[in-house]
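Open the model in your viewer and keep the selection panel at hand. The stops below go from one selection to the next.

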Amino acid sequence: MSDCIFCKIANGEIPSTKVYEDDTVLAFKDLSPQAPVHVLLIPKQHIASCDDIAPDNSAVVAHIFEVAARLAKEFGLTNGYRIVNNCGEDGGQTVKHLHFHLMGGRAFGWPAG
Ligand code: 5GP
Ligand code: ZN
């Protein structure tokens, strides 16, 4: 998607502070962190939202969660952390490229929002 900022981050057109990268997944620091650790995990391929996860693209989502667990260990989040996906208008999604927020380093309230 030529006008998608996370596609541009994935292909290097827009710089980011990367914390993990492989063939299918990229993780980078959120520009506006809401916690001491706030990383975004994205599939490199454009998937618009959680609503678009289907049998032919869902493997990368499982892989994202493996990477998230690895990063949580690397960032020392031994007391827990939160993984968030905002989907669509009511979910508060602002960037229309599937992403998961990995946040930690503080306690979070519930329910969110
Ligand atoms: P959403 O609200 O869609 O769940 O989350 C989008 C997230 O992307 C926000 O937390 C926002 O701070 C982050 N973000 C938006 N644009 C950029 C950018 O260009 N670079 C980085 N690193 N994060 C961004
Ligand atoms: Zn995209």
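Which pocket does the space taken by ligand 1 form? Select ligand 1: the space that it takes is the largest pocket. A pocket here is an open set of points, on a 1 Å grid over the protein atoms alone, where a 1.4 Å probe fits, with protein on both sides within 12 Å along at least five of seven lines. A molecule sits in a pocket if more than half of its atoms lie within 2 Å of its grid points.

This is a predicted model, in which local features need pLDDT of at least 70, side-chain atom pairs count only at pLDDT 80 or more, and totals for chains, interfaces and linings use all residues. Residues are numbered from 1 along each chain as its sequence is written, chains are lettered from A and ligands numbered from 1 in the order in which they are written, and side-chain values use heavy atoms, with hydrogens and water left out.

**Around the ligand**

Next, select the 16 residues around ligand 1, each with a heavy atom within 4 Å of it. K29, D30, N86, T94 and H101 come nearest. By class, the shell holds 7 nonpolar, 7 polar and 2 charged residues; Ala, Val, Leu, Ile, Met, Phe, Trp, Tyr, Cys and Pro count as nonpolar, Asp, Glu, Lys and Arg as charged, and the others, Gly among them, as polar.

Now show the polar contacts, pairs of N or O atoms within 3.5 Å. At D30, a polar side-chain atom lies 2.5 Å from an oxygen atom of ligand 1. At G92, a polar backbone atom is 3.3 Å from a ligand oxygen, and at T94 a polar backbone atom is 2.7 Å from one. Ligand 1 taken alone exposes 520 Å², of which the protein buries 82% (Shrake-Rupley method, 1.4 Å probe).

Colour α1, β2, β3 (37-43) and β5 (100-104), the elements that give two or more residues to the lining. Helices (H or I, at least four residues) and strands (E, at least two) are DSSP runs. α1 gives the most, with 3 residues.

**Last stop**

Which bond joins W110 and P111? Select the pair: the peptide bond is cis, with omega about 0°. Most peptide bonds are trans. P111 lies in the segment after β5.

Note on methods. Polar contact = N/O pair within 3.5 Å; in protein donor to acceptor, adjacent residues only side chain to side chain. 1 Å grid on protein atoms, 1.4 Å probe; cavity = no way out; pocket = protein on both sides within 12 Å on 5 of 7 lines; lining within 4 Å.
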